[in-house]
Amino acid sequence: MAEIKWPSEEDKYEAIGYLAVAGVVSSIEATVPRGQKDKFRKEYDGKYSDEYPYEADKYGKQFRIYLNDTEGCPDALRDNLDEKYGNRINSTEFITELVKEFGFKFTKQPQDSKRIKSLALARCSKSCADAFRKGNNGYRDFIQNIEKVVKNEKRLPTPTACEYVEQNISRKTEKKTMSKPSTAPAFSPNQILKLGWVGEQYIAYLLKIKDATLLEAIGIALDAEYKVEWFNEGVQAAKDNMTLLDPIDGSSVEYVKEWEDQSVGKGCDILVHFENEDDISIEVKSSKRTYPFFNMTSVEMQEMEKEGNRYVLIKLNKLENLIGGKSPEIIAIINPYEKLFKPKHIKEATFIIGGK
């Protein structure tokens, strides 16, 4: 791929700000022609992990960045991602600048986000500094915006129901490769907690207004009478916001709610109570866009097994659509324990075992 031609210096700094977000960069790799390893290590002293550089039969050096996440990627950078792999930056010139001038390293370990930000802001104009912050704060801004939309609960768009399609994990030996983007979101733990809360509130809202699309998807009759118990209802109003200040430039980083997840230990997020029927348990798994993987706790899985057809897993995708007044997507799975909890559907698992 040709070297990147940035539309403006601000576009470049927005891209650097995005790449500096913790979790966005999976690795920065270096390959050099055979016999040039020592030359590379002298030139990039202190800026690589021990595994780099790789040596290969090549005429020149090749540097590559692999991304864990491309969801918040600025347009100017997205236009320069490798078309085949979708999550790779091939520009050796740009990567050289990132490493030599901005504190990035050739490594598979997490990048030093604070140092990168400090170096970037110390060397750029005000407009470029603003662009860097725009790229660096994309995830924070998204969470704050989606929270505002859902909190209002004013005529939120009805969802689009998608049919569940079985997908199996390949039986072939897995290779640790970055040939395809994982699109795993680079949200912080606090942001993931908030994203989950937003998804739960949206589903609770749909239940309260008796949204026809949702009720049909989870098997509740439109004329059914029920009460909704959402365990996390009202928790965000329990305590005020706590503002974290960035020690580098004094700007607000994000707001952290001082509340705990009230669904912990319950086995689900929402209970639907009927007068003459057993309750329906609902677990909500939310994604900003579309992400096929999610985690389950032991308590959730045990509750799924126990409740059978009275347990519904809702995978809520494209939650970001709510910001533009568009419909997110739901995949409702009734009795998910029966459908999902088989080795061919499980990416990986953690077990506990004893001995005597």
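1. At what angle do α1 and helix α4 pack, and how far apart are their axes? Helix α4 covers residues 92-102, and α1 packs against α4 at an angle of about 70°, with their axes 12 Å apart. Axes here are lines fitted to C-alpha atoms, for helices over the stretch in contact, and angles run from 0 to 180 degrees between N-to-C directions. The two helices are therefore roughly perpendicular to each other (angles of 65 to 115 degrees count as roughly perpendicular, under 35 as roughly parallel, over 145 as roughly antiparallel and the rest as oblique). Lys12, Tyr13, Ile16 and Leu19 of α1 make the contact with Phe94, Glu97, Leu98 and Phe102 of α4, where contact means heavy atoms within 4.5 Å. By class, the contact of α1 with α4 has six nonpolar, no polar and two charged residues. Ala, Val, Leu, Ile, Met, Phe, Trp, Tyr, Cys and Pro count as nonpolar, Asp, Glu, Lys and Arg as charged, and the others, Gly among them, as polar.

2. A word on how to read these values. This is a predicted model, in which local features need pLDDT of at least 70 and side-chain atom pairs count only at pLDDT 80 or more, while totals for chains, interfaces and linings use all residues. Residues are numbered from 1 along each chain as its sequence is written, and side-chain values use heavy atoms, with hydrogens and water left out. Helices (H or I, at least four residues) and strands (E, at least two) are DSSP runs, numbered from the N terminus.

3. Helix α1 (residues 9-19) also packs against α6, at an angle of about 35° and with their axes 6 Å apart.

4. Next, have a look at helix α7 (residues 138-152) and helix α8 (residues 189-208), which pack at an angle of about 25° with their axes 10 Å apart. They are therefore roughly parallel to each other, and α7 passes α8 in a left-handed crossing. Among the contact residues are Phe142, Ile143 and Ile146 of α7 and Leu195, Trp197 and Val198 of α8. By class, the contact of α7 with α8 has nine nonpolar, two polar and four charged residues.

5. On a 1 Å grid over the protein atoms alone, a cavity is a set of points where a 1.4 Å probe fits but cannot get out, and a pocket is an open set with protein on both sides within 12 Å along at least five of seven lines; lining residues have an atom within 4 Å of a point. The largest cavity has a volume of about 40 Å³, a volume being the space filled by probe spheres set on the points, with grid points joined across faces, edges and corners. Its lining includes Arg140, Ile143, Lys194 and Glu254, and α7, α8 and β8 (252-257) each supply at least two residues.

6. The second largest pocket has a volume of about 310 Å³. Of its 17 lining residues, Glu71, Gly72, Cys73, Gly138 and Lys288 are the closest to the centre. α7 gives the most to this lining, with five residues. The lining of the second largest pocket divides into five nonpolar, four polar and eight charged residues.

7. The peptide bond from tyrosine 52 to proline 53 is cis, with omega near 5°, and proline 53 lies in the loop between α2 (37-43) and β2 (54-56). Lysine 318, in the loop between β11 (311-317) and β12 (329-334), has phi near 55°, a positive value in a residue other than glycine.

Key:
Left-handed = near helix turned anticlockwise from the far one by under 90°.
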